[in-house]
Amino acid sequence: MPRVCFISRVRPDRLDAYREAHAQVWPEMLEALRDTGWRDYSLYLSDDGLLVGHLETDDYAAAQEAMARTAVNPRWQAAMSQFFVDPGNPDEGFQVLDEVFHLEDQLRANGLPTRPAP
């Protein structure tokens, strides 16, 4: 399953409000993410505003395109745009990072178990 990690930047003066908004994401948005192929999706936020996202999806570009076609995504992006340093739709400004290490992949490649022995 392909994994995607991205970064963005939340305005330091809006961190608490951003956290509050993500404590209760709209059910319609949650369903749209699920239905367009976003799996095991997490966001991490540092005290200086660095936002790190991680998800699994079969095709990230297709998942983004599918989200763009939902009715809820434009409303969510408009509501979230106030929190980000860069202008525009936040989901269009993600900087995707290259994965350079994954423990389980390397364990499997070396013929080693991915779980400790009992």
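Gln77 is in contact (heavy atoms within 4.5 Å) with Met29, Asn89, Pro90 and Asp91, neighbours within four places in sequence left aside. The model is predicted: local features need pLDDT of at least 70, side-chain atom pairs count only at pLDDT 80 or more, and totals for chains, interfaces and linings use all residues. Residues are numbered from 1 along each chain as its sequence is written, and side-chain values use heavy atoms, without hydrogens and water.

**Gln77**
- Gln77 lies in helix α4, residues 72-80 (helices are DSSP runs of H or I, at least four residues; strands are runs of E, at least two; both are numbered from the N terminus).
- Gln77 is buried, at 5% relative accessible area (buried means under 20%, with a 1.4 Å probe and protein chains only).

**Largest pocket**
- The volume of the largest pocket is about 350 Å³ (the space filled by probe spheres set on grid points, which are joined across faces, edges and corners).
- A pocket is an open set of points on a 1 Å grid over the protein atoms alone, where a 1.4 Å probe fits, with protein on both sides within 12 Å along at least five of seven lines; lining residues have an atom within 4 Å of a point.
- Of its 20 lining residues, His22, Leu33, Tyr41, Leu43 and Trp76 are the closest to the centre.
- Helix α4 gives the largest share of the lining, four residues.

**Sheet**
- Four strands form an open sheet in the order β2-β3-β1-β4, with antiparallel pairing (a pair needs at least two DSSP bridges).
- β2 and β4 (95-97) are at the edges with a single partner strand each, so one side of each lacks a neighbour in the sheet.
- β1 (residues 3-9) and β3 (residues 50-56) pair over seven bridges.
- Val4 stands opposite Leu55 in β3.

Methods. Buried < 20%, exposed > 50% of the residue type's maximum accessible area, 1.4 Å probe, protein only.
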